Amino acid sequence: VIRNRLRELQALCTDVEAMLFVSGVDGQYNEGSRKVLNFLLCGYSGNDILQSTRTHPDLEDVLLLVSRQECFLYLGNSETYWKYLPLLGPIEELQLFATLPEEEKDPDLCEERKILCFLEMIEPFKRVGMPLSHRAPDINDVRSKPSAGQKGAAGQSMEIESWPLVQVYGV
């Protein structure tokens, strides 16, 4: 089921090279990211997706990058990694990342691991789309961040630039 849902997400990468979904505080609790992660990893569908208002506790620190050829998923801590590994491990086009158990004792090391994984995920892509919170989460929500000098719709780049994880990329 997860493999099929991941392929559905991959098929949406038509106008962008990849799509990024960031849960929790790092994505400022983005509604589109929450709904996609609930769809993919928790099995939500139909009205469950539309009515979901909370991120599953396991998914508070998750990053998902989907492209047509491959996908990257950062699952936060090692407990979440081992919980989801039986479901996700067999998916060949999916690369899994998590904080190492010895790093989990130090919040700074956890953040550093997440940032390094994020940078590794997005490095090969020039155009990465992200869901915007001010519209319903569908394919029309995913827009690439305007490059320097381009003007996007009002507030789009500001919304994305306010995500803590994306701010790290700009540093």
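Predicted model: local features only at pLDDT ≥ 70, side-chain atom pairs only at ≥ 80, totals over all residues.
1. Overall make-up. The protein contains 7 helices and 6 strands, and their order along the sequence reads α-β-α-α-β-β-α-β-α-β-β-α-α.

2. Sequence range of the contacts. When contacts with a separation of 6 or more are considered, 61% of those in the protein are between residues 24 or more positions apart.

3. Packing of α1 and α2. Helix α1, which covers residues 2-11, packs with helix α2, covering residues 31-42, at an angle of about 145°, and the two axes are 8 Å apart. From α1, the residues that take part are Ile 2, Arg 5, Leu 6, Glu 8 and Leu 9, and they meet Val 36, Phe 39 and Leu 40 of α2. Sorted by class, this contact is made up of 6 nonpolar and 2 charged residues, with no polar ones.

4. Ser 52. This residue is located in the loop that runs between α3 (47-51) and β2 (63-67). Ser 52 has a relative accessible area of 7%, and because the cut-off for a buried residue is under 20%, Ser 52 counts as buried. A polar atom of the Ser 52 side chain lies 2.9 Å from the backbone oxygen of Ile 49. If neighbours within four places in sequence are set aside, the residues in contact with Ser 52 are Arg 34, Lys 35, Asn 38 and Tyr 44.

5. Asp 58. The loop between α3 and β2 also holds Asp 58. Its relative accessibility is 18%, which is under the 20% cut-off, and Asp 58 is therefore classed as buried. Once residues up to four places away in sequence are left out of the count, Asp 58 touches Thr 80, Lys 83 and Tyr 84.

6. The pair Asp 58 and Lys 83. Which contact do the side chains of Asp 58 and Lys 83 make? It is a polar contact between the two side chains, at 2.4 Å, and a reader who wishes to inspect this pair may also note that Asp 58 and Lys 83 are 25 residues apart in sequence, with a C-alpha to C-alpha distance of 9.2 Å in space.

Conventions:
Residues numbered from 1 in each chain as written. Heavy atoms only, no water. Axes fitted to C-alpha atoms, helices over the stretch in contact; angles between N-to-C directions. Helix = DSSP H or I, 4+ residues; strand = E, 2+ residues; numbered from the N terminus. Contact = heavy atoms within 4.5 Å. Nonpolar A, V, L, I, M, F, W, Y, C, P; charged D, E, K, R; others polar. Buried < 20%, exposed > 50% of the residue type's maximum accessible area, 1.4 Å probe, protein only. Polar contact = N/O pair within 3.5 Å; in protein donor to acceptor, adjacent residues only side chain to side chain.
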